[in-house]
Amino acid sequence: MKIHFIFPSAQYDWPLVNFLRETLPDATFDCGAASGFGRYHYGIQLLAKIPWLACYAFNSWMARIKQGPLPDYICVGTDIEVIGCLLAQFFSGIKIPIIFLGFIYTPRKSLLLTKIRWLYFRILLAQITAVICYSKYESDYLPKLFRLKKTLFVATLFGGNFDVPKDWVAKNEGGPGYVVSAGRSGRDYHLLCDAVRGLPVELHIICDSSHPLQGLDCPANVTILRNCYGDKYVEELAGADMVLLILNNDNLSSGQMVLLNAMALGKLAIITRTATTMEYGEHLKTCYFVGPDSVEEIRSAIGICSKPEIRESIGAEAHRYFMENHSLEPYVQSLVKAFEKIVQHNGHGQSIAKVDDAKH
């Protein structure tokens with residue numbers, strides 16, 4: 001199985017890349033995190049990143065077919081990279097099946113923008129071979145939403161792209177201390193701030209994007225951390241009493257990465273119960289689920305989970321659950337199974353073909 005992974009925001013020494021390389025010895029990788037385009041804070045930076053991603057995927061495709069041998073599949077992680085690959089396919093005349101890894105559909109509040117976005121993805125996804133989602137719910141829901149019959153949707157559970165230190169320490173005693181929330185996709189920081197207002201806890205919100213924070217009325221016990229990455233991010237989670245993930249979209253795959261980060265560190269996470277998050281934990285065993293749009297339920301959960309013995313028991317079980325189901329080895333094994341499903345569906349010996357009259 002020769003897969004060429006295009007990872008513009010990854011590094012060659014990432015644990016995930018190393019593990020994939022060991023598991024799929026015929027795979028090739030093109031990583032470009034050293035370019036500095038890995039993160040963005042504002043919309044204008046995202047606009048600058050869009051053409052860069054397309055060009056990166058285009059050049060990676062062209063370089064791969066020039067160097068040879070041709071891969072059986074090209075794997076990308078964004079829709080812009082898909083566009084870059086489709087352009088390379090057109091100009092090279094070589095068709096290589098494209099796999100979109102980790103697709104997440106985010107509708108907009110505006111009905112017009114939602115319709116335009118739906119049409120855009122319907123056209124784009126129809127041009128590729130397979131989509132790998134991070135929940136079973138999405139793999140069933142999305143092909144119906146976009147009315148796609150030929151594009152294969154496969155589910156795999158998300159995993160950690162990091163090594164868990166053997167000497168990890170969970171700070172689960174004492175309090176009240178500080179609690180952490182992190183991420184930008186599908187977050188409801190307005191509801192979260194309302195919930196912690198007046199409580200005897202300090203909330204640290206880690207968010208590197210301006211959009212989820214627009215119009216946010218932060219009470220005195222809330223601090224926004226805008227440049228908290230790498231070791232600083234891990235230290236912030238490791239020092240927290242608990243992690244709060246309040247989400248605003250039942251159909252959106254969001255919150256899983258931070259939830260798994262918390263589990264890896266043995267932290268109790270309070271997270272909104274959605275169609276996708278329910279696949280990643282069990283209430284009062286590996287996490288604490290709260291209903292959507294309820295300040296009272298969030299405040300009650302914080303009170304219940306402030307007890308050291310509850311944080312200790314759920315945190316320990318969460319860590320065990322992460323290691324068995326979402327650490328690098330089970331995550332990569334799950335990805336390989338997804339790739340095998342795609343190969344079986346696509347057929348053997350049909351993965352590479354010339355595009356008829358591609359240049360005309």
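## Basis

A residue is called buried under 20% relative accessible area, exposed over 50%, and partly exposed in between, with a 1.4 Å probe and protein chains only. The structure is a predicted model, in which local features need pLDDT of at least 70 and side-chain atom pairs count only at pLDDT 80 or more, while totals for chains, interfaces and linings use all residues. Residues are numbered from 1 along each chain as its sequence is written, and side-chain values use heavy atoms, with hydrogens and water left out.

## Aromatic pairs

A pair of aromatic rings is described by the distance of the centres and the angle of the planes. Here rings of Phe, Tyr and Trp (its six-membered ring) pair if their centres lie within 6.5 Å; planes under 30 degrees apart count as stacked, over 60 as edge-to-face, and the rest as tilted. The count by this rule is 17 aromatic pairs. One of them joins F5 and F7, which is tilted because the ring centres are 5.5 Å apart and the planes stand at 40°. F5 is buried, at a relative accessible area of 0%, and F7 is buried as well, at 14%.

Y137 and Y141 make a stacked pair, because their centres are 5.4 Å apart and their planes meet at 15°. Both residues lie in helix α5 (residues 136-145), four residues apart, or about one turn of the helix. Helices (H or I, at least four residues) and strands (E, at least two) are DSSP runs, numbered from the N terminus. Y137 is partly exposed, with a relative accessible area of 27%, and Y141 is partly exposed at 25%. Elsewhere, ring pairs link F100, F103, Y105, Y120, F121 and F146 into a cluster.

## Salt bridges

A salt bridge is a side-chain nitrogen of Lys or Arg within 4 Å of a carboxyl oxygen of Asp or Glu. By this rule there are seven salt bridges. K136 forms one with D140, and the closest N and O atoms are 2.7 Å apart. This pair also belongs to helix α5, where K136 and D140 are four residues apart, about one turn of the helix. K136 is partly exposed at 46% relative accessibility, and D140 is partly exposed at 36%.

D208 forms a salt bridge with R184, with 3.0 Å between the closest N and O atoms. The pair links distant parts of the chain, 24 residues apart: D208 is in the loop between β9 (202-206) and β10 (222-225), and R184 is in the loop between β8 (178-182) and α6 (189-196). D208 counts as buried because its relative accessibility is 14%, whereas R184 is partly exposed at 31%.

In the salt bridge between R197 and D194, the closest N and O atoms are 3.3 Å apart. R197 is partly exposed, with a relative accessible area of 32%, and D194 is partly exposed, with 40%. D194, R197 and D217 are linked in a network of salt bridges.

## Surroundings of L53

L53 lies in helix α2 (residues 43-67) and counts as buried at 7% relative accessibility. Leaving aside residues up to four places away in sequence, L53 touches P8, T78, I80 and E81, where contact means heavy atoms within 4.5 Å. The C-alpha atoms of L53 and V82 are separated by 9.4 Å, and the two residues are 29 residues apart along the chain.
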